[in-house]
Every structure is written in structure tokens, then in C-alpha cells.
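Trainee: Could we go through the pockets and the sheet of this protein together, taking one point at a time?

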Amino acid sequence: MFDMKKQFKVLILGASYGSLLGSKLLMAGHSVTLVCRQETADLINREGTRVRMPVKGREGLVEIDSRDLPPTAGRLDAMPPQSVQVTQYDLVCLAMQEPQYSASGVRELMQAVARAKLPCLSIMNMPPLPYLARIPGLDAKALRACYHDPAVWEQFEPGLMTLCSPDPQAFRPPEERPNVLQVGLPTNFKVARFEDLSHTAMLTQMEQDIADARLDVSGERLDLPVKLKVHDSIFVPLAKWAMLLTGNYRCIGAQGMRSIKEAVHGDIMQSRAVYEWVCQLCRQLGALPEDLVPFDKYAAAGTGLLKPSSAARALAAGATDIERIDLLVKLVAEQQNLQSESVCETVRLVNGWLERNRKARAAQATEAEAA
């Protein structure tokens, strides 16, 4: 078992969204290494990270500046994937977009993590294939088509992979540098247990340490939102699927994108139908009603989500690969003999955008070669 007084060393792949959980871990006394591009690593090592979030009862945003944390805080550093020595770490956090794990350098780091048999906590929307293998009765191998490069995940042991429902919404302000993150919806990371009790005990200690941490702002000790909540049920993270299929992916239209708020509240009855259908799918997989989030609670939170989702923004910007939770849910549903025309339409729309973007990218490459 882990020493319950231990200060853990956490490796976080992804310095943008990963800096949110990273900042909370630093405040709780644990050390964090952010994996990112060399230029971003140099910036973070020089100027730290800054995470801004709303706090109930206060005007404006409260900023966690890693440089201003007290001596009791953990140590922060950043480095490119080629510089990481994985054996130095107790936990690996996966905070990149799923297609990024096959990038040069990151792929090799992932294989080193798998060989070292380190416990991994994913806070990406797309559940890693080894996590899906933990769900009884689900054929994870039949879902490989949903992943940019499924071979990345082959060496990972399912019992060493767990998943958060990454409910906090955050974005990098376009006018800021890469070490700044702004939280739009400060909800909690809800994480499922590991198979190994000692690994789960590590998460439970982190949960308590984050809950106990306070930020000193002008002499006031603030209890900041965005906690880590550990759950025994492996189905709790799947609660995010209904949110993603109702809001994030329904931002995507045939001709353009809309905000999550518009996607959810533009036709509230249709949104409820999609949401409840995905919840039904999760229950058929084994989730209990208390593992899931009621639609009305999600819809209320959605009123504050005034931007298109990251997936929608990426497609509009010409992305040729995004996380395919839409396709994943469709294929999982087919294994359960379920079908939703709305989800099928979403998959068709995403396929259409990707096809157009890939053709445009190929045409640009051809023009560049001709020039």
C-alpha cells in the first residue's frame, strides 16, 4: 500500500487542460510535471502556470499563479516528451486530445508508461481503449475504429487505467500565452476507482488533499471549486457521454457551428430525448441511476456555455482528426441493439466535416508541392 502521508509525483500529458488538475494538485502539496512542446515547457519553467476560475460569492475571476503558491505546495516543471523519465512518477494523467497520443515523441512516451506499468488517470473526453475493456460485456476491440491510432493503447493493462468524467469546462483565452487557462464551468473531476486498492488509495488521498487546500487571496483563505471525487463505480465517468452527445457534438451543423447553449436549448425536447437515450445506453452497460447526471441539472449548467465545443471549433478550423465520442457511442449502442437517429445524424455531420477538411488539406499539400 502507498504511504498515506506521501507527496506524490504526477506526470500530466497535456499542459493546457492538464494545468487545471495540475494546479489543484500543486495546491494540495503534490509535484507535477507537464508534458508539452519545448517552447511551452520553457515558458512554464520560466513563468509558471496561471489558471483563472470563477468562485461563488466573488466578482471576477480568481487566479492560481503557480509562482505565488506557498512553500507547502508541490513543485512544478514542464518538459517535452523526449525528456521524461517515467520511473520517477507515481501517477500519469492523460490530458491531451485522443489523436495527439500518436504524435512523434508522445507515442514513445506512452509506450514507456505502459512498459513501466504506471497507473494512468485519463481526463480526456475520449475513454482510453483499456478503460473500456474494464466494462463487462463490452467488446472493446470492436471499437478500435473510433481511435486515431488504436495501436497506441495495446500495451496498457486495463486494471492500470481509470477515467474521469471531465466535467469542468475550460479554454485558453486567445489573447493569452499557452501558460494561461480560464475555467468557464468549475465543476468536479469524477474519477472511477482503479482495480488495485493501493492505486485507488492514492486517488483518495489526493481527493482529500485537494479538498483541504486553500488559496490565500489578499489575506483571505479561499476554498476553490473543481475537486477530485473518487467513486467506486466504473460507470460514473460515462455520465459525460450524454452531455457530449447532447451539447458538444450537436454544436456541429452542416454549414457552421453554434454554442453549446444553443445546441441544448434550441430544441429542449430533442435535447432531452438524446440525453435520455444515452443514459439508457449507460444503464444497459451496467450504470446505476445515481451514476448519471439528471438532464435538468445538465441543461441548467448549459445556459452558461456560450461557446461552441472544442470539437466544433477544431472542425471549423480545418482539423482532420478529432475525438470521436459520437462514433464511439453509436458503435457501443449497436452492441446493445440500440439506435438513435439523432446520434446517427451527428456522426454523419462529423464525417462530412472531416472528409471536407482532409480533401482541403490534401489539395493544399498538392499546391505546395507544385509550387
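This is a predicted model: local features need pLDDT of at least 70, side-chain atom pairs count only at pLDDT 80 or more; totals for chains, interfaces and linings use all residues.

Mentor: Residues are numbered from 1 along each chain as its sequence is written, and side-chain values use heavy atoms, with hydrogens and water left out.

Trainee: Which element gives the largest share of the lining of the largest pocket?

Mentor: A pocket is an open set of points on a 1 Å grid over the protein atoms alone, where a 1.4 Å probe fits, with protein on both sides within 12 Å along at least five of seven lines, and lining residues have an atom within 4 Å of a point. The largest pocket is lined by 48 residues, with Ser16, Tyr17, Gln97, Ser310 and Arg313 nearest its centre. Elements are DSSP runs numbered from the N terminus, helices (H or I) having at least four residues and strands (E) at least two. Those giving two or more residues to this lining include β10 (180–185) and α10 (310–316), and the largest share, four residues, comes from α10.

Trainee: Why does the largest pocket lie between two domains, and which are they?

Mentor: The domain bounds come from an automatic or database domain assignment. Both domains give residues to the lining of the largest pocket, so the pocket lies between domain 1 (9–231) and domain 2 (236–370).

Trainee: How much space lies in the second largest pocket?

Mentor: The second largest pocket is lined by 21 residues, and Asp167, Lys190, Met243, Val293 and Lys297 lie nearest its centre. Its lining draws at least three residues from each of domain 1 and domain 2. With volume taken as the space filled by probe spheres set on grid points that are joined across faces, edges and corners, the space in this pocket is about 430 Å³.

Trainee: What is the bridge partner of Ile12 in β2?

Mentor: Strand β1 (residues 9–13) and strand β2 (residues 31–35) run parallel and are joined by five bridges. In β2, the residue that bridges to Ile12 is Leu34.

Conventions: Two strands pair if DSSP finds at least two bridges between them.
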